[in-house]
Structure formats: structure tokens, C-alpha cells
Amino acid sequence: MPATIHPTAIVSPNAKIGSNVSIGPFAVIEDDVIIGDDSIIGQNACIYNGARIGNRVKIFQGASVSNLPQDLKYNGEETFLFIGDDTIVREFATLHKGTTARGKTVIGQNCLLMAYTHVAHDCIIGNKVICSNGVQIAGHVTIEDNVIIGGLSAVHQFGKIGQHAMVGGGSMVNMDVPPFVMTSGYPARYMGLNIVGLRRRNFSNDSINAIKEAYRILYLSGLTFRNALDKLKSEFQSNEYVGSIVKFIETSKRGILRR
């Protein structure tokens, strides 16, 4: 089916619009935009040059997608913002495209970005990520799959949040959050494992117990992080989840959040 475009919408003839797309009243679609099949663009939404939107994406009213980066180094170079299939962008979210640092901002599949979420330039957000109302994500942040961030939380630039982590509402995340944990506070602190989330995603008891023991060694054994990591490598050589924890910590640039 052809796209359904409200007569008050301003849609560039150069934009590539998929089949069965709905574009609401007063929406603006610029030239260099690609929108996949069965997507919905709400009223007053603005889709700027460089937007690459997947299939079945829902963008609600007043959202700003692929706007210019808020980075003084940006000088008008061609960059992009990608949104994966089945992602929902709620009202008044602001999503900025990349700079020359990465050339793109990426938001994965099946994400939910609630009202007033901000995703800055050069962020990489994985699949099935939920950002609650008012979450503010600074530039160059990486968020892995299945992360949940509570409302009104902020993530520092160049930060990283590991897979299956959960950030409590109102947190200030100024250090990297390793996989599978819960964190909360200002600044954010380690608050234990995201056990409920892991069970909902069908992690086995053995896997959860291994992850739990890994974090006991990291945070409660009295060992330095370096010695704790050596112990994890020695005792959990074949465990993929503990291995991902070790890799995350060893590649952290900002350091890992504390207890």
C-alpha cells in the first residue's frame, strides 16, 4: 500500500518512504530520509536529513529525529541516525545524528524511548533497550542489549552500560555500569544483580549463580579489581556470562561504578 500522508505534512519528494507508512498532520520529512515499511510518523514530528528508519517504527508527536548534534566540533559534515525495526519513539524525544567521531548514532531494534528521552550524537544503543521518561544520554555513550534505564536518569558522555543492566530512576551514571547489575543513586552505585530481569529472560539458575558469585568476588571479597579479575579468569574460564563481565571491565575507559 502507498504511504498515507496528511495534507498538512511537509514531505520532501526526495525522501524514500516505504509502503503503508502513515505520516500525521504538520510532520516534516526532509530530503535525505529513508523510512521503512509500516512505520508511523506522528503529528508535528520532525525527521531531519540523515535519518534511516526501519520497518514498523512508531514515532510519536513532536519527536525530533536526526537533528544536528549539539557539539561545537560539528561542521555540517554528512552523518546519520539509524533506528532499528519495531522501535517506539515517544512524544518529544530528541535523537541527534553523529559527528565525524563515529559518523552515526544507532538505536537498535525493539527499543522503547519514552517521552522526553534525549539521545545525543554518536551513541550506540542496542536492541530491546528501554529508556523511561526524561532519560538524558550524553554523547558517545554505548548501551548494550536489554538495558532498562529509569526515568530522569542521566548517563555521562563516553559512558557504557552493559547488557541486562537496570539503572534506577533519578540516577547519575558517571562511571561504566557492568552487565547484569542494578544500580541507583547520585552518583550511581552497585546495588546487586538484576535477578528479576535475568529470570524474565530465561537465564538458568546455574547462570545466575555464576554471575552472582562473580560479583561477590568483584565487590565483596576485598580483592582489588585486578586481582578479582584474575580470580574470575581462573575459576570461570568456560562461563560465557562471567567472560563478558571480565571483558567489559577490562575494556572500560571511565572505570566501573563502585559499591
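Rings of Phe, Tyr and Trp, the last by its six-membered ring, count as a pair if their centres lie within 6.5 Å; planes under 30 degrees apart are stacked, over 60 edge-to-face, and the rest tilted.

Some ground rules. This is a predicted model, where local features need pLDDT of at least 70, side-chain atom pairs count only at pLDDT 80 or more, and totals for chains, interfaces and linings use all residues. Residues are numbered from 1 along each chain as its sequence is written, and side-chain values use heavy atoms, with hydrogens and water left out.

Domains next. The bounds come from an automatic or database domain assignment. Domain 1 covers 4-140, and domain 2 covers 200-251. Their C-alpha centres are 37 Å apart.

Now the sheet. Helices (H or I, at least four residues) and strands (E, at least two) are DSSP runs, numbered from the N terminus. Two strands pair if DSSP finds at least two bridges between them. Here we have an open sheet of eight strands, paired in parallel, in the order β3-β6-β9-β12-β15-β18-β21-β24. At the edges are β3 (16-17) and β24 (160-161), each pairing on one side only. Take one pairing inside the sheet. Strand β6, residues 34-35, runs parallel to strand β9, residues 51-53, over two bridges. I35 has I53 in β9 as its bridge partner.

On to the aromatics. How many aromatic pairs does the structure hold? Nine. One of them is Y190 with Y219: stacked, 4.1 Å centre to centre, with 10° between the planes. That pair links distant parts of the chain, with Y190 in strand β28 (residues 189-193) and Y219 in helix α2 (residues 205-220), 29 residues apart. Both Y190 and Y219 are buried, meaning under 20% relative accessible area, where exposed is over 50% and partly exposed lies in between (1.4 Å probe, protein chains only).

Y219 also stacks with Y215, at 6.1 Å centre to centre and 20° between the planes. Y215 is buried too.

Last, charges over rings. The criterion is NZ of Lys or CZ of Arg within 6 Å of the ring centre and within 35 degrees of the ring normal. R258 lies over the face of F225, 4.7 Å from the ring centre. Elsewhere, R90 has its charged end over the ring of F60, 3.9 Å from the centre.
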